[in-house]
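Visitor: I have a structure to look at. Could you take me through some helix contacts and salt bridges?

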Amino acid sequence: MAELVVKDNALIQASYTLDLAEQRLILLAIIEARNSGQGITHDSLLRIHASSYAEQFGVNDKTAYTVVKDASKGLFDRYVTYHDKNPKNGKDRSFHCRWVDKIGVEPDSGIVYMRFTSDVVPLITRLESHFTSYEIDKVANLSSIYAIRLYELLISWRDVGKTPTYEIDDLRNKLGVEPEQYNQMCNFKAKVLDRAIKQISKETDITATYEQHKRGRTITGFTFKFKPKAVPKQIVTDGGYIKMTDSQIKTFSNKLAALPELGSNSPLGASTEQFAAMIADDLKDADKQKKYRKHLAKLGFEVTKSKVK
């Protein structure tokens, strides 16, 4: 079963600044909370294994624990600003609260412990009202912190395929852009929006574009449009082994050999054709095949975790 991240739309639309590792740690913690089977309260102490981080985001096993440990420490000092309406008078209001109020580490087991604050818990777990859910695999390959936040903002408008107009300051806050960063519009577009849109369209299940809005000659806001990509092809598995014909193995191995992120696995001096032949041999072996599953999914072939474990 694919791992779902569920966030209340009040949290999706909130403003916060987290680095990449901290955002990823939040996603894993949300999954842990969702999969606990016991619900989550302010007393719930969540466990995130470094091995889960390494597997989900393609990080080296040796460095994953250091990454999650440092991210948990950084997260301890972070806060989120969210907005809602006063139920008594209907007026807008905003709140600041911390993400977590307790963290811990277990070095020998490679485990980080986290406890969400009482204010954040209902925003993550409340499903009876508006919420957004998505598979964590959809953002696993995003390396831009702004791409992750923008993806979340976009799919909260999944039903209509476009967003309302975000004024510049509001959009910067929602994406977590610091006040001193990218103040020139050309830099904001190039370093934040263009890069995020490019990654989202390449690495996730949607393609996106944006339109700028002006008042006179000054850009005042942006709207975004997006649409889902074609449904990926299914790969049939048999007891965890992906069954492929000789023709499929040839096709997949050639595509895998061309992926830049696999280039470091190519033997020194080997040509692309030789590397593809090596991958083809790996795809015929049930154990060696495992290391290519995420890359196969990236190429548009759906492999659910429940079928390949």
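Predicted model: local features only at pLDDT ≥ 70, side-chain atom pairs only at ≥ 80, totals over all residues.

Visitor: How are α3 and α4 oriented to each other?
Guide: Helices here are DSSP runs of H or I, at least four residues, and strands are runs of E, at least two, numbered from the N terminus. Helix α3 covers residues 50-57 and helix α4 residues 61-76; they pack at about 115°, with axes 8 Å apart. Axes are lines fitted to C-alpha atoms, for helices over the stretch in contact, and angles run from 0 to 180 degrees between N-to-C directions. Angles under 35 degrees count as roughly parallel, over 145 as roughly antiparallel, 65 to 115 as roughly perpendicular and the rest as oblique, so α3 and α4 are roughly perpendicular.

Visitor: Which residues of α3 touch α4?
Guide: Contact means heavy atoms within 4.5 Å. On the α4 side, D61, A64, Y65, V67 and V68 take part. On the α3 side, the residues are A50, Y53 and A54.

Visitor: Which residues in α3 are buried?
Guide: Buried means under 20% relative accessible area, exposed over 50%, and partly exposed in between, with a 1.4 Å probe and protein chains only. In α3, the buried residues are A50, Y53, A54, Q56 and F57.

Visitor: How are α9 and α10 oriented to each other?
Guide: Helix α9 spans residues 246-257 and helix α10 residues 272-283. They pack at about 125°, with axes 8 Å apart. That angle makes α9 and α10 oblique.

Visitor: How many nonpolar residues are in the contact of α9 with α10?
Guide: The contact includes I249 and F252 of α9 and F275 and I279 of α10. Ala, Val, Leu, Ile, Met, Phe, Trp, Tyr, Cys and Pro count as nonpolar, Asp, Glu, Lys and Arg as charged, and the others, Gly among them, as polar. The contact has three polar and no charged residues, and its nonpolar residues number nine.

Visitor: Which residue meets R78 in a salt bridge?
Guide: A salt bridge is a side-chain nitrogen of Lys or Arg within 4 Å of a carboxyl oxygen of Asp or Glu. R78 lies in the loop between α4 and β3, and its partner lies in helix α2, so the pair ties together parts 56 residues apart in sequence. The N to O distance is 2.9 Å, and the partner is E22.

Visitor: Is E22 buried or exposed?
Guide: R78 has a relative accessible area of 25%, so R78 is partly exposed. E22 has 3%, so E22 is buried.

Visitor: Where do K174 and D170 lie?
Guide: Their side chains meet in a salt bridge, 2.7 Å from N to O. K174 is buried at 7%, while D170 is partly exposed at 30%. The two are four residues apart, about one turn, in helix α7.

Visitor: How far apart are the closest N and O atoms of K290 and D287?
Guide: K290 is partly exposed, at 49% relative accessible area. D287 is exposed, at 57%. They form a salt bridge, and the closest N and O atoms are 4.0 Å apart.

Key: Residues numbered from 1 in each chain as written. Heavy atoms only, no water.
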